[in-house]
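Please read the following alongside the model and its sequence.

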Amino acid sequence: MPNLGDPAVPLDGSRGLGPYHFNLKAVVAIAPTENQYQPVGGRVVVKDNYIILHGSRDGDVSDFQGYQTYDRAHPIDLGNPTQEAKGFKSLLWIYGANHNFFNSIWGQDDNPFVSRVEQENIAKVYFSAIAQGILLRRSQYLNLLKDFQLSQQRGWIPNPIRLVNQYQDYQRLFIAHYEEDSVLTTPSPPVVGSIDLSNITVQELSFNQGANKNLYQQTRGLKVDWDASGRRYMININPGGLAIGKFHVLALRTGQSNDAKNLVDQLQNFTLMVSDGIRSHSVKADSIAPLLYPADINFPSGIRRSVMQTLRIPLRLFAEQGIDVRNIRQIIFLFDEPIVGTTTYRGSLYFDEIQLSH
Ligand SMILES: [Ca+2]
């Protein structure tokens, strides 16, 4: 064993340690830190199926630094963008949960508003589903990782607990991931088409603003702002420009910013319209999943952390209305819905990783 102060020893076999190929089926990170241990090979990139859980009232790791490990896992290969990932990844963001209540020993801290019993229950539900789905191959349990609302529909987790989840399948085709360049008017290769943003305020930006800011991620994406009903962000697809293949879900991640156009603790909404050039059909975002106002991560200092929600829209919703989903020509984000429960037509949302998926 090296002594403290010795140079770092790589675990790649070159110094007699490793490489360790444990053949893991999945890695579950519970409110993890990042960078307290610094691997000599650079920041850790999880190469297995990856699931991360974190609470918004985590005083110990209040900034949700593990979100960056989620973004780094199974990234787009820009040189080969249709390459399958080696696994899936999933994220659960729990409003009001803290660090300590994930075990039964550590005391209370951090002003959590989810009780220890409730938090242990969330952990049991998720770890059970992961074990059932991955170790016992009962894949229906993995649907929980794709949509947290299943847990509330089944009565496993009580409804008042506010959750946000993300999911990325190992098979996905990105329509727009915002990593390839800073040109706002084109989709991501190999998708061929154009993006019309003449009607709305759109900014592409790094989603890493620092630990004490609204966004603390490791990706690039869009901030979309509107101040009147009818604004739209429109992805036009050339004929044959999007190979649907066997994909059966249109997915993306989106979430409210801390911009004053949103109203504190109110849900946002918008309309997603898909057209084959002849017919179109629309789905309301809030019929898929709620878009929560960002959580206060450092109560009472008022830092709001935006964590996006994955929306997964089955293509059959459009096919059932006569849309030729094998020839999608337009995907329109139409901002024609008021802030939920109000008559206020304005808002500010982040968008990233618009994709076809399973
Ligand atoms: Ca991105």
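Predicted model: local features only at pLDDT ≥ 70, side-chain atom pairs only at ≥ 80, totals over all residues.

Residues are numbered from 1 along each chain as its sequence is written.

The protein chain is split into domain 1 (1-170) and domain 2 (172-358), with bounds that come from an automatic or database domain assignment. Taken over C-alpha atoms, the centres of domain 1 and domain 2 are 24 Å apart. The contact between them involves 26 residues from domain 1 and 29 residues from domain 2; two residues are in contact if their C-beta atoms, placed from the backbone, lie within 7 Å. On the side of domain 1 that touches domain 2, the elements giving two or more residues are α1 (67-72) and β4 (163-168). Helices (H or I, at least four residues) and strands (E, at least two) are DSSP runs, numbered from the N terminus. β4 contributes the most to this side of domain 1, with five residues.

β4 also belongs to an open sheet of four strands, ordered β1-β2-β3-β4 with mixed pairing. Two strands pair if DSSP finds at least two bridges between them. β1 (27-30) and β4 are the edge strands, each pairing on one side only. Within this sheet, β2 (residues 50-55) and β3 (residues 89-94) run parallel and are joined by six bridges.

A second open sheet has five strands in the order β6-β9-β16-β11-β12, and its pairing is antiparallel. Its edge strands are β6 (193-196) and β12 (280-284), each of which pairs on one side only. β11 (residues 271-275) pairs with β16 (residues 330-335) in the antiparallel sense over five bridges. Thr271 has Leu334 as its bridge partner in β16.

The largest nonpolar core has 75 residues, of which Leu92, Ile94, Ile175 and Phe351 touch the most other members. Domain 1 and domain 2 each supply at least three residues to this core. A nonpolar core is a set of buried Ala, Val, Leu, Ile, Met, Phe, Trp, Tyr and Cys residues joined through C-beta atoms within 7 Å; buried means that 20 or more other C-beta atoms lie within 10 Å of a residue's own, with C-beta atoms placed from the backbone. Leaving aside neighbours within four places in sequence, Phe351 is in contact with Gly221, Leu222, Val224, Leu252 and Thr254.

Methods:
Buried ≥ 20, exposed ≤ 12 C-beta atoms within 10 Å, placed from the backbone.
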